[in-house]
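Hi,

Here is the structure I promised to pass on. Have a look at it first, then read my notes below.

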Amino acid sequence: MSDSIAPSFTPDYTPASHGHSVEQLSRPSLSYWQDAWIRLKQNTRAIISLYIVVSLALFTLAGPLLWQVDPALQDLNQISQAPSFPKRALLADPYERWQPIILDDFPREPETYVDVDLMPAPTGVQPLGEPTTQQIRLRWEPVVGAGGYSIYRNQHAPEGINDLGLPLATTLGGNEISYEDRLNLEQRDYYYSIVPTDGFDEANIYTTIKVLPTIAITRDEATQRGLIDADTEIQIGDPLSLRFHPFGTDYLGRDMLARLMQGARVSLFIGICAPFLFVMFGILYGGFAGYFGGQLDALLMRFADFVVALPFLLFMILFKIAFGIGPGESGVLPMLIALVLLGWPGTARLVRGQVLQIRNNGYIDAARLLGAKDSYLIIRHILPNTMGVILVTLTFAVPGAIFTEAFLSFIGMGVAPPTPSWGSMCNEGVKTMLSHPHELIFPATFISITVLAFNLLGDGLTEALDSRMRSR
């Protein structure tokens, strides 16, 4: 026989009463939970989901200790910034009121009428000074016959006269040949188009210039935001390192990573606390009904059926009114109460069915004959044998509660700004999803991953805790 194949058991020869040898097979004895853990480890999806759940817990609890950024702090120099490497800014002087360029030797209004369709495009369009996020100043050469100029701004190169973008202003004279833009400037490419007018109608010709502003920050702003100390020797025009936002910022310049961490505390608090409470109540309710049975069981289950028929959203609205929570205010407590009061019947039904099956087993009758009391039977036999169903029910209830919180916050009935939650962040991100998709993608991704991880973990626990699949 080859030595490469070894038996998985050790034969034990024990003398029998009649003098014959009996071969007994022995293997290590495993408890129910040890065997369930072995089967769970064999489920790759469930183990990966378990790691994800643990990582989410660390992200929620330990994350703010490592990433100590105030989630409410607004970085006005980096509004709606996508994830990127650390950026630098130039130290600039405080803003001073700017006087437009007006030519004294050029007529304000044309001396002779010139057909607007025959006007040439403006020439010499160029920025004045260093374009920054503090201001962008443009100038151009005057157009003969012009009674003014219309200035447009776009975020892409215009494809025609009808694609010039946002109208910024119209000068009131042909001799005013400059413009200053200070409207929500970011570090991105801007396309400015200058269109001559006769004072009423615009020409069908224009000149476009591309401008990329540099991030600028004043000394006072840099000191206030902790980028430099008050006594730091630094000159105007020197570069500064801005705060790093690995997940970008939202529409108010708040750090997305810090807000995701704080939002995880709110979302997971509701998603775990509410299921834990209503599952515990469902265990007591269903266990009591299933153990004692009879008419009491029928009465309790009919009440559970009645609770199932109650509309959750209606009760959520009623609880908000009862607690005096108006529009735009966070309704975390009403949401928690509504979930607890209306979410327990499913758990009660499952536990009741399990208890009905267990209480008719032979070892329960044997324990009664030996004088065991109801409290002993429940604690020693009933509850341990229903723990598998309880854990699976709790695992599936968590993603349901998280999704409910996200949905209510998304429609404005749950967590309201400025308190972040993943649902409220999705509600804010939808408004800018076309121009700044990261504000929606990150919270939506966290919701999806969390819900999927808990569902796959619940599937794995269902198989692992099934006693019928226990290793022989």
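Leu 138 stands opposite Tyr 179 in E8, and a step along, Arg 139 has Ser 178 of E8 as its bridge partner. Strand E5 (residues 136–139) and E8 run antiparallel and are joined by four bridges. (Strands here are DSSP E runs of at least two residues, helices are H or I runs of at least four, and both are numbered from the N terminus; two strands pair if DSSP finds at least two bridges between them.)

Before I go on: this is a predicted model, so local features need pLDDT of at least 70 and side-chain atom pairs count only at pLDDT 80 or more, while totals for chains, interfaces and linings use all residues. Residues are numbered from 1 along each chain as its sequence is written, and side-chain values use heavy atoms, with hydrogens and water left out.

Back to the sheet. It is open, antiparallel, and has three strands in the order E4-E5-E8. Strand E4 (126–127) and strand E8 (178–181) each have a single partner strand, so one side of each lacks a neighbour in the sheet. From E8, Ser 178 and Glu 180 point one way and Tyr 179 and Asp 181 the other, and all are buried (buried is under 20% relative accessible area, exposed is over 50%, partly exposed is in between, with a 1.4 Å probe and protein chains only).

Arg 139 also forms a salt bridge with Glu 141, with the closest N and O atoms 3.8 Å apart; Glu 141 is partly exposed at 35% relative accessible area. The structure holds 13 salt bridges (a side-chain nitrogen of Lys or Arg within 4 Å of a carboxyl oxygen of Asp or Glu). Another one pairs Arg 352 with Asp 297 at 2.7 Å between the closest N and O atoms. Arg 352 is in helix H9 (residues 345–358) and Asp 297 in helix H6 (residues 294–308), so this pair ties together parts 55 residues apart in sequence. Asp 297 is buried at 7%, whereas Arg 352 is partly exposed at 24%. Within H6, Arg 302 and Asp 305 are three residues apart, about one helical turn, and their closest N and O atoms are 3.0 Å apart in a salt bridge. There is also a network in which salt bridges with shared partners join Asp 250, Arg 254, Arg 259 and Glu 428.

What about the nonpolar side chains? The largest nonpolar core has 30 residues, and those touching the most other members are Leu 40, Phe 59, Leu 260, Trp 422, Phe 446, Ile 447 and Leu 461. (A core is a set of buried Ala, Val, Leu, Ile, Met, Phe, Trp, Tyr and Cys residues joined through side-chain atoms within 4.5 Å.) Helix H13 (438–464) is among the helices that supply at least two residues, and H13 gives the largest share, nine residues.

(Patch residues have over 30% relative accessible area and no salt bridge; nonpolar side chains, meaning Val, Leu, Ile, Met, Phe, Trp and Tyr, are joined within 5 Å, and like charges within 9 Å.) H7 gives the most to it, five residues. Val 430, in helix H12 (residues 422–430), is partly exposed at 32%.

Finally, the unreviewed UniProt entry places "transmembrane region" at 48–67, 266–291, 303–325, 331–351, 389–415 and 440–462; such annotations may be inferred rather than shown by experiment. Residues 440–462 are 100% helix in the model, with end C-alpha atoms 33 Å apart.

Cheers
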